[in-house]
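Please look through the sequence and the model shown below before reading on.

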Amino acid sequence: MRIHRSWYRIFLVILFIISFVAAIAYPQYGNSSARAEASISSIPTLAYQVGKQQVLAPDWSQIAWSTLPPIEESGWIQIPANLVTQPKYDPSRSWKAGQTPDFFVMLGDVEDAFHMEKFQLQDIFGLTDLAINTLQLDDFGLMGWQTVDSLVEAIPNLRDLIVSQVEPIRDLFVKAGLGYTNESIAQVLQEYPELGHLSFGQLDLTRYALKSIPGLVQTPLEKFAAWQQSFIAQVPGLAQVPFSQFPQSPFNAIGMVGITDVVWEAAEHGDSKVGEDYFLSGSINKQNETVAVACPAGESCPYIELSDLGSASGSLYGKRWASGEQKVRGGFGPLAAVNNGREPTGRLVYGSAFKVVLTGTNESKGTADFGLYLRACIRIPFVGKSCTPYIGPIPWLPTREKDLVIVTTMPAI
């Protein structure tokens with residue numbers, strides 16, 4: 001069989017990436033700390049009536065990135081710089097325990113889940129209390145890596161303005177040795193194309209008002225170069241926008257609900273003969289579907305066992321949601337090499353951005369804790385989207401025996 005040379009090169013690049021992606025330390029599992037319990041108690045919820053009982057669901061109209069509980073474990077992703085020339089941005093990062101997700105989640109990670117890149121800054125200001133007059137260019141983190149060329153590509157109308165009308169561009173040109181001119185930005189760039197490579201990171205951006213660049217706040221985030229590498233906190237106001245206001249919001253209508261029938265601790269090995277048909281938790285495939293994975297036979301496997309509402313023979317009766325102590329295949333594409341391609345078992349309940357993982361069980365109290373896990377994603381030319389295994393945990397809504405628990409949700413109608 002003959003392989004086209006260009007595809008062979010792409011194949012070698014993929015193997016090279018896989019062999020060099022660094023690992024992320026797995027968090028420890030166990031019962032929630034006092035800090036986690038305090039964070040969980042602050043999660044806004046809505047009570048839905050299901051039969052004769054109520055189930056608590058997150059109220060996404062009151063939850064924002066900055067108000068999610070902080071992550072419990074420190075971690076990092078480190079990818080060699082020579083491997084990120086094709087995606088044109090580096091998804092490497094680190095985070096500390098106690099940080100909220102807006103400080104370590106990049107826009108590119110959740111592009112497909114929420115499409116926040118469709119926002120214009122003026123949209124965000126309209127959804128929050130921020131006023132443009134109070135902001136400087138330094139508040140818009142993406143400006144640090146924009147060049148004159150990338151900025152005029154994002155905001156084409158800038159080309160027709162006289163250089164002196166755009167103070168940051170004027171100062172960059174002056175810094176590069178260009179004297180006073182009454183020419184347009186387009187004319188200068190035509191005469192001196194090398195000036196287009198000047199980066200705004202060379203300026204003290206705290207000296208310039210956000211409105212010093214005409215059209216900036218009316219431009220979608222996705223128009224700016226390497227918008228994917230911006231942390232949510234680097235876009236003014238975005239961390240305060242409720243999830244329900246995103247261009248694509250999390251699933252927030254109740255789908256399938258079960259009863260937390262029994263909580264089993266590690267001492268309970270369960271039935272080693274139970275196969276995947278009895279498990280709700282597992283890995284996530286490239287189509288963002290939960291693929292059930294049974295606990296390995298003979299291994300300790302804490303889990304919660306579910307039952308159906310008013311039925312002893314429904315689709316959830318006897319089904320098990322295993323603890324995240326069980327590791328399953330995670331991620332896809334070159335970034336799947338992170339953590340050796342393993343992640344805690346769990347489910348996609350609210351969409352692809354979060355994997356819900358059972359993080360601890362207490363058999364004597366009949367309680368179980370959950371956590372949210374997130375992943376880092378990039379798009380690689382000729383390869384497509386690639387994501388790491390899910391990383392966490394962020395403390396989430398717990399359950400107890402005889403409580404209702406949400407197994408799936410659905411888009412709001």
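## Asp-109 and its surroundings

From its side chain, Asp-109 reaches the backbone nitrogen of Met-106 at 2.9 Å, and a second polar contact, of 2.5 Å, joins the side chains of Asp-109 and Arg-93. Here a polar contact is a pair of N or O atoms within 3.5 Å, where within protein one atom must be able to donate a hydrogen and the other to accept it, and where residues adjacent in sequence count only if both atoms are side-chain atoms. This is a predicted model, in which local features need pLDDT of at least 70 and side-chain atom pairs count only at pLDDT 80 or more, while totals for chains, interfaces and linings use all residues. Residues are numbered from 1 along each chain as its sequence is written, and side-chain values use heavy atoms, with hydrogens and water left out.

Asp-109 sits in the loop between strand S4 (93–95) and helix H3 (111–114); helices (H or I, at least four residues) and strands (E, at least two) are DSSP runs, numbered from the N terminus. Asp-109 counts as buried because its relative accessibility is 6%, the term buried meaning under 20% relative accessible area, exposed over 50%, and partly exposed in between (1.4 Å probe, protein chains only). Not counting residues up to four places away in sequence, Asp-109 touches Arg-93, Phe-104, Arg-375, Ala-376 and Cys-377, where contact means heavy atoms within 4.5 Å.

## Asp-171 and helix H6

Asp-171 belongs to helix H6 (residues 167–175), and with a relative accessible area of 16% Asp-171 is also buried. Its side chain makes a polar contact of 2.6 Å with the side chain of Tyr-208, and, leaving aside neighbours within four places in sequence, Asp-171 is in contact with Leu-203, Arg-207 and Tyr-208. The buried residues in H6 include Pro-168, Ile-169, Leu-172 and Phe-173, and what covers the buried residues of this helix includes helix H5 (148–154) and helix H7 (185–191). After H6 comes Gly-177, whose phi is positive, near 105 degrees.

## Two pockets

On a 1 Å grid over the protein atoms alone, a pocket is an open set of points where a 1.4 Å probe fits, with protein on both sides within 12 Å along at least five of seven lines, and lining residues have an atom within 4 Å of a point. A volume is the space filled by probe spheres set on the points.

| Largest | about 630 Å³ | Ala-368, Leu-397, Pro-398, Thr-399 and Arg-400 |

In the lining of the second largest pocket, H3 gives the most, with three residues.

## The chain as a whole

The chain holds seven helices and 19 strands, and buried residues make up 52% of its 413 residues. Of the contacts in the chain with a separation of 6 or more, 72% are between residues 24 or more positions apart.
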